[in-house]
Amino acid sequence: MKDVMGIIYTTKDDFALRELTASRAVAALPVVGRYRIIDFMLSSMVNSDIKNVGVIMQKNYHSLMDHIGAGKEWDLHTKNDGLFILPPFQTRENQGTYQGTVDALRSNISYVKRSNQEYVILCSTYSVFNTTFDNVLDEHVASGADVTMLYTKYPIEDRSSSSNTAQHCYLDLDEEGAVRNIEMGAEHHELENFSMNVFLMKRELLVLLVEQAHAKGIYSIHQAIKAGFLDRGNYLVRGHEYTGYHKRVESIPSYYAFNMDMLDEATRKDLFASPVFTKVRDEVPARYAKGAVAINSLLADGCVIEGRVENSVLFRGVRVRKGAVVRNSIIMQESDIRENVEVEHVIFDKGVTIREGRLIGQKGYPIVIKKNFTL
Amino acid sequence: MQKKQCIAMLLAGGQGSRLGLLTKKVAKPAIPFGGKYRIIDFPLSNCSNSLIDVVGVLTQYQPLELNRYIGSGLPWDLDLNKGGVFVLPPYMTSKSGEWYRGTANAIYQNIPFIEQYDPEYVLILSGDHIYKMNYRAMLSSHIARGADCTIAVRPVPWEDAPSFGIMNTDEEDNITEFEEKPKEPKSNLASMGVYVFNWSVLRKYLEDDEANPNSHNDFGKNIIPAMLADGLGLSAYRFEDYWKDVGTIRSLWDSNMDLISDPPRFNLYDKSWRIYARNPIMVPHYVGDKACVEGSMVTEGCEVYGTALRSVLFAGATVEEGALVEDSVVMPGSVICSGAVVRRSIIGENTIIGADCVVGDGGDSEIALVGSEVVLERGSVVLPGQQSDGREEGA
């Protein structure tokens with residue numbers, strides 16, 4: 001896979017994720033006790049031996065840059081190629097904010113042109129999955145496709161009505177796996193092939209696609225493919241089904257569900273079948289005091305548990321003190337649940353301290369407490 | 001090459017034969033400790049935290065695992081242009097080439113390495129001890145007192161003194177006499193195996209020692225006594241905090257247990273003096289529906305479905321449902337199968353304790369040991385004090 005470069009388009013902050021993305025990009029959202037969303041895309045790429053990865057940043061990218069640094073943890077701090085952080089910038093043609101993937105790619109097109117790999121894999125940071133792209137490339141080459149899009153089955157009965165479905169894209173495929181059409185939004189069709197926002201094509205074709213779409217005022221990459229390739233008919237766009245665990249994290253319920261999915265052994269082993277790299281914080285192992293109780297939970301290093309933890313995900317350095325109870329909750333880094341406090345169905349951002357009392361959210365609608373808040 | 005005021009030389013070549021099966025395939029400094037560390041993380045992190053940025057690691061016995069672990073020195077912030085960590089195995093020259101014959105000979109053979117940095121002081125460390133120490137503070141004391149050599153010492157219980165190298169000192173903590181494992185100790189100040197030398201002085205003594213065919217080429221047996229005999233200034237530097245020589249199965253077990261006592265006798269939670277380690281980057285640990293974990297340390301990649309009491313579980317260890325681990329140390333990647341009972345034991349790396357095995361016992365019984373990469377068959381028994389590599393049936 002040395003001949004493939006990767007581009008990660010880190011999506012704009014999202015209102016549906018409320019307080020959690022108030023001060024950080026979706027890509028930097030903490031998940032599963034120690035990771036950030038972008039770790040999954042970066043790891044998928046480096047596990048595929050991709051050596052050149054560009055990360056297009058938008059708003060609130062401070063915590064994202066802090067997290068990925070020079071790319072050491074992903075072995076991307078190399079002399080040739082490696083990690084390229086592409087923050088927004090302003091020129092006469094470039095406003096410094098992006099209206100979509102096409103727009104963002106056009107601003108950074110010189111990076112794409114300057115790279116010397118034959119192929120490019122483009123992905124966004126809403127879809128969480130962990131894979132290697134070797135078989136995708138093999139199939140792409142063997143089938144003679146111009147573009148390969150990853151999709152996953154998303155049956156109608158599983159779809160929630162609340163989330164921002166307008167951006168969801170579904171693929172209409174023929175028997176051979178060729179894409180006939182792309183439908184946007186979830187309302188008006190019966191298609192189940194949910195686009196994961198992962199595209200493989202030749203680097204030069206991506207440059208062409210972006211330049212054509214920009215000339216027509218198209219910002220969405222799906223629309224660009226539809227207008228530039230599908231409607232013209234002389235390009236082969238194919239779908240590649242991804243059968244592993246996939247979750248689109250785009251709202252508080254989906255964020256909560258993703259973390260809780262990881263409490264299931266089979267699901268966890270599916271997502272973490274190949275290693276997921278992340279920034280190392282050199283925490284001490286978690287310590288359980290005498291009388292501590294923890295069941296069906298994931299706990300990161302640095303936690304000190306003296307109370308009770310059930311069905312929860314605890315990030316690094318969380319304290320659950322004597323008599324405290326944490327149930328069905330997600331507690332981020334360095335939060336402190338003091339003596340005899342009871343919390344249930346909550347999401348605490350980093351550094352939240354609860355001094356006393358109870359905080360019980362509703363099933364399906366967890367209470368979200370913002371960063372560094374003391375109650 | 002940039003001149004350095006002080007560089008460190010870490011003696012990591014020892015076999016550690018008293019650790020039995022644990023050092024069959026790895027050198028003692030590479031032995032896992034405290035859930036996610038290895039013994040060598042302690043001196044390396046101390047160097048990094050003390051801003052000593054050139055560390056030579058002298059290896060000889062089973063060095064592969066240790067070399068891989070040290071790598072570029074990145075976990076300890078020692079992957080530097082102007083310094084770094086260097087693995088120094090014995091090497092051939094045009095005239096000769098031989099194994100390291102002793103601690104002093106090992107340093108002697110690396111005089112050219114040290115000379116590259118033209119240091120005023122050389123810190124000699126060993127890869128056998130668990131402690132957190134600011135070497136800069138010791139160096140400052142050495143400089144302030146104008147000593148030729150400063151040796152870190154700590155008081156040990158009088159009854160234990162006969163098993164240490166004991167320093168007899170005057171009222172100003174100048175060392176007057178050194179006795180290796182004295183039967184009737186005159187002092188209870190034990191050498192911690194941490195030395196600061198003026199390099200020009202040490203260099204001369206190393207060369208003289210090398211010229212003496214009857215010497216054991218050892219710091220404790222030869223270099224220090226020779227310096228004392230010549231009336232050089234040797235100072236004792238007192239260190240009162242936690243320090244443990246983990247040279248035996250019992251002391252390795254004790255030292256792990258010191259992390260989980262309440263309050264911990266050895267506290268790793270001080271963020272101003274972090275201990276760094278090469279991180280396997282695994283998923284946070286999972287505790288199952290029926291798990292019971294108390295008084296224990298558990299780290300990334302562990303899966304606990306059974307019971308773990310007063311134990312240290314290392315990265316990727318699994319305790320299956322119905323298994324009991326009590327007062328034990330389970331090293332990375334090992335699996336305790338359903339129905340097994342492991343008490344007062346050390347389980348090596350990537351070992352499988354089969355279903356219904358019984359390893360060790362409770363009370364004051366001696367520590368049982370199962371080696372690394374061992375598969376203990378269903379129902380096997382390993383008695384207290386026994387070592388098992390899975391090949392012969394215990395009992």
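Tutor: One term is needed at the start: a polar contact is a pair of N or O atoms within 3.5 Å, where, within protein, one atom must be able to donate a hydrogen and the other to accept it, and where residues adjacent in sequence count only if both atoms are side-chain atoms. Please also keep in mind throughout that this is a predicted model.

The side chain of B:Glu326 makes a polar contact with the side chain of B:Arg343, at 3.2 Å. B:Glu326 counts as buried because its relative accessible area is 13%, and the cut-off for buried is under 20%. If its neighbours within four places in sequence are set aside, B:Glu326 touches B:Leu309, B:Arg310 and B:Ser311, and it also touches B:Val342, B:Arg343 and B:Arg344.

B:Val57 sits in strand β4 of chain B, residues 54-58, and it is classed as buried because its relative accessibility is 0%. Beyond the neighbours within four places in sequence, the contacts of B:Val57 include B:Leu10, B:Ala12, B:Ile40 and B:Ile70, as well as the run B:Val85, B:Phe86, B:Val87 and B:Leu88. B:Leu44 is 13 residues away from B:Val57 in sequence, and the two C-alpha atoms are 9.5 Å apart in space.

Some loops of chain B deserve attention for their backbone angles. Most residues other than glycine have a negative phi, and most peptide bonds are trans. Against that background, B:Asp173 has a positive phi of about 60° without being a glycine; it is found in the loop that joins β9 (165-169) to β10 (175-180) of chain B, and its relative accessible area of 15% is why it counts as buried. B:Asp356, also not a glycine, has a positive phi near 60° and lies in the loop between β26 (352-353) and β27 (358-359) of chain B, but it is partly exposed, because its relative accessibility is 40%. The peptide bond that runs from B:Asp262 to B:Pro263 is cis, with omega near -5°, and B:Pro263 is placed in the loop between α8 (249-257) and β14 of chain B.

From here we can turn to the place where chain B meets chain A. Chain B brings 36 residues to this contact and chain A brings 38, while the area buried between the two chains is about 3,100 Å², with carbon and sulfur atoms giving 50% of it. On the side of chain B, the three residues B:Tyr269, B:Ile281 and B:Pro284 supply 20% of the area buried against chain A, more than any other three. Six salt bridges are found across this interface. A:Glu334 and B:Lys271 form a salt bridge, with the closest N and O atoms 3.3 Å apart. The interface of chain B and chain A also holds 26 residue pairs in polar contact, both residues at pLDDT 80 or more. Strands β14 (285-287), β15 (292-294) and β16 (297-298) of chain B each give at least two residues to the side that touches chain A, and β14(B) gives the most, with three residues. By type, that side of chain B divides into 20 nonpolar, eight polar and eight charged residues.

A:Arg24 pairs with A:Asp349 in a salt bridge whose closest N and O atoms are 2.8 Å apart.

Terms used: Residues numbered from 1 in each chain as written. Chains lettered and ligands numbered in written order. Predicted model: local features only at pLDDT ≥ 70, side-chain atom pairs only at ≥ 80, totals over all residues. Heavy atoms only, no water. Salt bridge = Lys/Arg side-chain N within 4 Å of Asp/Glu carboxyl O. Buried < 20%, exposed > 50% of the residue type's maximum accessible area, 1.4 Å probe, protein only. Contact = heavy atoms within 4.5 Å. Buried area = accessible area lost by both parts, 1.4 Å probe. Helix = DSSP H or I, 4+ residues; strand = E, 2+ residues; numbered from the N terminus. Nonpolar A, V, L, I, M, F, W, Y, C, P; charged D, E, K, R; others polar.
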